[in-house]
Amino acid sequence: MRKSWRTLVALELVLGLAMLSGGAAPSAEAQAQPIVIAVPVGLSGVNSVVAPAVVQSAELAVEELNAKGGIMGRPVKLMPLDDESGPAGAVKAFNTAIRQHKADAIITMETSAARNAGAPIADRAKTLFIYTSFYEGRACGKYLYVNAWVPEQIVAPLVKFMTDEKKVKKWFVLGSDYAFGRGLIEPAKKAIAGLGGTILGEEYQPLQQSDWTAIISKIRAANPDGIMYATSGGGPNIDFMKQFKAAGLKMPVGSLSIDELTAEQGGNAAEGVYYTGDYFTGIDNAENKTFLEAMKKKFGANLKTPNSLSEPQYDGIHAYAMAVEKAKSTDADKVAAVLPTIVFKGPRGAVQMNKQHHAPLPVYLAQVQADGKTKIIKSFGLVDPGSQCPNLK
Amino acid sequence: MYTTQLLDVVTTAGVLYIVAVGLLVVYGVLKIINLAHGAFLAMGAYAGVLTTWAGWNPWTALLLAAVMGVAVAALVEWRVLRALYARPLDTILATWGLNIIVVQILTLYFGREIHFAESAIAQPISVAGVTYSQYRLVLLLIAVALGVLVWLVMQRTQIGIVTQAVIMNEELAQALGINTRLVRFVTFCLGAGLASLAGALLTPLVSVHPNLGVPWLINAFMLVLVAGVSLGNLALAALVLGGAQVLVSSYGNPVLGSLTIVILAVIILRFRTITI
């Protein structure tokens with residue numbers, strides 16, 4: 001017992017000395033020291049489907065920055081880390097990024113649970129954190145900025161389109177029974193009520209359950225003009241749509257949870273579904289074409305199709321680079337002070353995080369075609385995120 | 001409304017029966033719970049993806065799935081399980097390990113993302129005045145056909161009679177000169193083949209991904225626990241538990257509905273005299 005205790009102390013001492021000497025290493029070329037951008041992302045766990053695309057977006061942005069001489073003449077180093085898609089992994093990843101790799105900024109897409117665990121760590125360490133994933137909203141912090149959508153930006157336009165153009169007055173709303181599903185159905189209900197619509201039914205399905213029979217029968221019995229749903233991402237969208245169609249239901253469907261990739265992988269299952277978003281590969285502007293071509297050239301056959309969860313990562317890194325150039329410093333306080341003034345014109349259009357650390361975003365309406373591909377049918381222009389963090393400027 | 005609910009109840013029972021029958025067969029003869037059942041379901045579902053890629057008729061996926069399931073099961077029974085029958089607890093570990101290996105191989109080859117498998121039947125049909133999913137009705141017929149087929153094999157064929165002897169008293173059967181090793185081998189292959197077949201049958205209802213078997217495995221497990229080793233009991237359990245789930249979901253909500261199978265299973269197990 002006593003012996004092992006002594007061994008432990010010895011080990012601690014050795015480790016401590018090693019760390020001290022490492023920390024005291026002289027840095028002769030401070031100017032050429034790389035700027036480190038950490039990307040804690042769900043390389044394993046539920047986000048592992050989308051994470052590779054996020055890392056690819058980041059790699060392209062960093063390559064472009066380094067090709068023109070880095071940021072303020074300093075090379076940019078990308079540090080992808082695995083947050084295991086959850087809070088425990090995020091705590092490890094954020095601590096590793098900040099303490100071990102001395103990250104200058106954390107720019108990443110992650111689950112809300114991982115973000116909620118990681119953000120306080122970044123905040124305490126005064127490290128700038130740009131969150132590039134759409135989410136349920138109202139995450140605030142002095143060093144936390146968000147460049148992707150919150151429900152206010154995509155829900156209301158979709159409800160309005162279906163009310164005006166598809167004449168949906170009587171609705172049935174449904175979702176997966178968890179924070180994101182309920183978090184999106186709530187604003188949908190508000191938007192529906194605001195436009196004078198009525199809600200005939202509201203149902204939530206447990207995440208594990210992939211048989212939607214009971215809810216589909218309830219929809220049939222209620223006979224609404226239209227459906228609005230928010231399942232969890234990926235597969236459940238296709239499960240629901242397959243069973244909905246096989247049951248012979250034909251009313252218009254709005255989705256708050258489908259994405260371009262899922263729709264395409266689902267073949268014809270989601271044909272006809274309307275959804276809104278800030279990024280689609282089909283956006284017709286010069287920046288998007290250049291972006292997609294550069295991605296294809298860099299990754300070739302290994303390219304993961306860029307999507308609304310991965311593209312903002314590219315914007316986020318470029319916005320950060322511009323902010324550092326403008327602040328002439330990597331100091332988080334200085335960068336955070338100028339970040340809201342930065343406009344980066346990327347594949348989505350001009351994005352500026354100037355509304356309480358959130359960004360007004362261009363929002364598009366799209367519809368899934370018979371081959372699973374997504375077609376943009378309308379642009380809503382810049383949509384405001386509303387009041388997300390009233391205590392911040 | 002009532003017609004729809006009746007159809008919901010019987011078709012849900014049909015789906016549950018299809019998913020659980022392979023697990024029951026293995027449990028009945030080998031007295032082990034095949035925790036790789038979910039992996040075999042997933043493998044069968046990917047057979048649907050492969051036939052879609054090849055452009056074959058969607059029904060061929062059933063055959064391919066059964067062949068793949070039997071092939072993998074034969075290999076595993078021969079090289080691994082056979083040595084573990086004297087240690088039932090270790091078979092839990094072994095089949096769970098097999099589950100992980102199969103799911104990881106599927107993930108490595110196909111990736112974590114969902115895949116598309118062509119459906120043989122996607123149109124609805126009109127039954128007694130209600131429009132209903134034709135495929136669910138077909139599944140009900142398949143469930144009945146599978147039930148009858150497995151029952152016939154057990155009652156009318158030599159291997160079935162021998163299998164029953166093994167179920168009732170394995171040592172006595174062995175003493176009478178029955179090759180119990182062969183019976184176990186055939187049963188495990190049959191159970192896994194049925195599981196893969198069920199996976200292929202599920203693809204028109206759900207999207208294909210490596211973990212698609214997990215939620216189904218849990219329900220199948222509950223049903224088998226309640227049903228014991230009888231095919232008739234399994235049909236009854238599927239009808240009662242599945243029916244209760246549908247009705248609670250319809251009149252209450254799906255969150256309560258999904259609890260129903262588990263709660264009912266616990267209640268039934270509490271009051272049922274277990275006879276194996």
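Residues 24 or more positions apart account for 72% of the contacts in chain A with a separation of 6 or more, two residues being in contact if their C-beta atoms, placed from the backbone, lie within 7 Å. The model is predicted: local features need pLDDT of at least 70, side-chain atom pairs count only at pLDDT 80 or more, and totals for chains, interfaces and linings use all residues. Residues are numbered from 1 along each chain as its sequence is written, while chains are lettered from A and ligands numbered from 1 in the order in which they are written.

The secondary structure of chain A comprises 12 helices and 14 strands; helices (H or I, at least four residues) and strands (E, at least two) are DSSP runs, numbered from the N terminus. Along its principal axes, the C-alpha trace of chain A spans about 70 × 60 × 45 Å. Of the 393 residues in chain A, 51% are buried. A residue is buried if 20 or more other C-beta atoms lie within 10 Å of its own, exposed if 12 or fewer, and partly exposed in between, with C-beta atoms placed from the backbone.

Chain A is divided into domain 1 (35-149 + 283-359) and domain 2 (152-277), with bounds that come from an automatic or database domain assignment. The centres of the two domains of chain A, taken over C-alpha atoms, are separated by 30 Å. Between them, 8 residues of domain 1 are in contact with 11 residues of domain 2. The side of domain 1 of chain A that touches domain 2 has 2 nonpolar, 5 polar and 1 charged residues. In this classification, Ala, Val, Leu, Ile, Met, Phe, Trp, Tyr, Cys and Pro count as nonpolar, Asp, Glu, Lys and Arg as charged, and the others, Gly among them, as polar.

Strand β6 (residues 170-176) of chain A is mostly covered, with 6 of its 7 residues buried. β6(A) pairs with β7(A) in the parallel sense over 7 bridges; two strands pair if DSSP finds at least two bridges between them. W171(A) has I199(A) in β7(A) as its bridge partner. Helix α6 (residues 179-194) of chain A contains A191(A). A191(A) counts as buried because it has 21 C-beta neighbours inside 10 Å. Apart from residues up to four places away in sequence, A191(A) touches V155(A), A156(A) and V159(A). The C-alpha atoms of A191(A) and L292(A), 101 residues apart along the chain, lie 34 Å from each other.

The contact between the chains takes 32 residues from chain A and 31 residues from chain B. On the side of chain A that touches chain B, the elements that give two or more residues are β7 (198-205), α7 (213-222), α8 (235-246) and α9 (260-265) of chain A. By class, this side of chain A holds 9 nonpolar, 15 polar and 8 charged residues.

Chain B has 11 helices and 2 strands, in the order α-α-α-α-β-β-α-α-α-α-α-α-α from the N terminus on. Its C-alpha trace spans about 60 × 45 × 35 Å along the principal axes. For the 276 residues of chain B, the radius of gyration of 19 Å agrees with the value near 19 Å for a compact globule. Buried residues make up 49% of the chain B total of 276. Of the contacts in chain B between residues at least 6 apart in sequence, 77% join residues at least 24 apart.

Helix α3 (residues 60-79) of chain B has 20 residues and reaches 29 Å from its first C-alpha to its last, close to the 28 Å expected at 1.5 Å a residue; the expected span is 1.5 Å times one less than the number of residues. The buried residues of α3(B), among them L62(B), M68(B), V72(B) and E77(B), pack against α2 (37-54), α4 (88-110) and α8 (180-202) of chain B. Just after α4(B), G111(B) takes a positive phi of about 85°.

Definitions and conventions
Rg over C-alpha atoms; globule rule 2.2 N^0.38 Å.
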